[in-house]
Amino acid sequence: MNFAENRKILNDLNRFKSAIPEAVAQMSSISKNHFDKSFANQGFTNETFEQWKPRKKEDRKRPKRAILINTGDLRRSIRVVKFGSMAVRITSDLPYAKIHNEGGEINKAERNAKLYFKLNKSGDYFGGNARFRKKKHSNFEMDVTIGAHTIKMPKRQFVGYSGVMSRKIETKINQIFQKALR
């Protein structure tokens, strides 16, 4: 190998090195958009689309509400964190993100609670099954003990490995490096 060939290899390496930040930025953008799309599609796409299991009971206040979207905090909590100089990590800081993404069981301990009710003029419970969370909306309260129980949470993956996403990232990175070599 002569000096000219070494110089060309060094120049190509420098061009690759300058393209890495753009490649990492594109990788971040494609990943975040793919995972955000899970919430819009109500399911996760790896090689094929897997729709999330529906709720057991519909939300009475908002019957057509999307799954995993109540306040939108979970969707907005997805963050891209730079992991080294050539990688990113997608993360969420919410404590309930993992159980929703992976599924599993939640063991609830026995606890005491107050239930608040509103009585009508004849002394009956207003609206039959009326229970209020705030004292100011009620005129009757009851102390109750809620026994220990387990909640089974189905897997509703929104973040994880995706073959479709990996191919998109690979295509984009190849374009960036091809452009860098021109």
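Let's start on the surface, where K57, R60, K61 and R62 gather in a patch of positive charge. A patch here is built from residues with over 30% relative accessible area and no salt bridge, with like charges joined within 9 Å and nonpolar side chains (Val, Leu, Ile, Met, Phe, Trp, Tyr) within 5 Å. Lys and Arg count as positive and Asp and Glu as negative, while His and the chain ends are not counted; the charge is placed at NZ of Lys, CZ of Arg, CG of Asp or CD of Glu. R62 sits in the loop between strand 2 (49-51) and helix 2 (73-76), and R62 counts as partly exposed because its relative accessibility is 37%.

A word on what you are looking at: this is a predicted model, in which local features need pLDDT of at least 70 and side-chain atom pairs count only at pLDDT 80 or more, whereas totals for chains, interfaces and linings use all residues. Residues are numbered from 1 along each chain as its sequence is written, and side-chain values use heavy atoms, with hydrogens and water left out.

Now step back to the overall layout. The protein chain has four helices and eight strands, and from the N terminus on these elements run α-β-β-α-β-β-α-β-β-β-β-α. Helices (H or I, at least four residues) and strands (E, at least two) are DSSP runs, numbered from the N terminus. Of the 182 residues in the protein chain, 27% are buried. Buried means under 20% relative accessible area, exposed means over 50%, and partly exposed is in between (1.4 Å probe, protein chains only).

What lies inside? In soluble globular proteins, nonpolar side chains tend to be buried together. The largest nonpolar core here has 24 residues, and F35, F39, L68, I78 and F158 touch the most other members. Two or more residues come from each of helix 1 (3-41), strand 4 (88-91) and helix 4 (163-181), and helix 1 gives the most, with seven. Such a core is a set of buried Ala, Val, Leu, Ile, Met, Phe, Trp, Tyr and Cys residues joined through side-chain atoms within 4.5 Å.

L13 is partly exposed because its relative accessible area is 48%.

Next come the charged pairs. The structure holds four salt bridges, each a side-chain nitrogen of Lys or Arg within 4 Å of a carboxyl oxygen of Asp or Glu. In one of them R167 pairs with E47, the closest N and O atoms being 2.9 Å apart. R167 lies in helix 4 and E47 in the loop between strand 1 (43-45) and strand 2, so this pair ties together parts that are 120 residues apart in sequence. Both partners are partly exposed, R167 at 43% relative accessibility and E47 at 47%.

R76 and D73 meet in a salt bridge of 2.8 Å, N to O; because they are three residues apart in helix 2, about one helical turn separates them.

K114 also forms a salt bridge with D143, the closest N and O atoms being 3.0 Å apart. K114 lies in strand 6 (residues 111-117) and D143 in strand 7, so the pair ties together parts that are 29 residues apart in sequence. K114 is partly exposed at 40% relative accessibility, whereas D143 is exposed at 59%.

Strand 7 (residues 140-146) also contains T145, exposed at 51% relative accessibility. The C-alpha atoms of T145 and R111 are separated by 5.8 Å, although these residues are 34 residues apart along the chain.

Technical notes: Accessible areas come from the Shrake-Rupley method with a 1.4 Å probe; for residues, only the protein chains shown count as cover.
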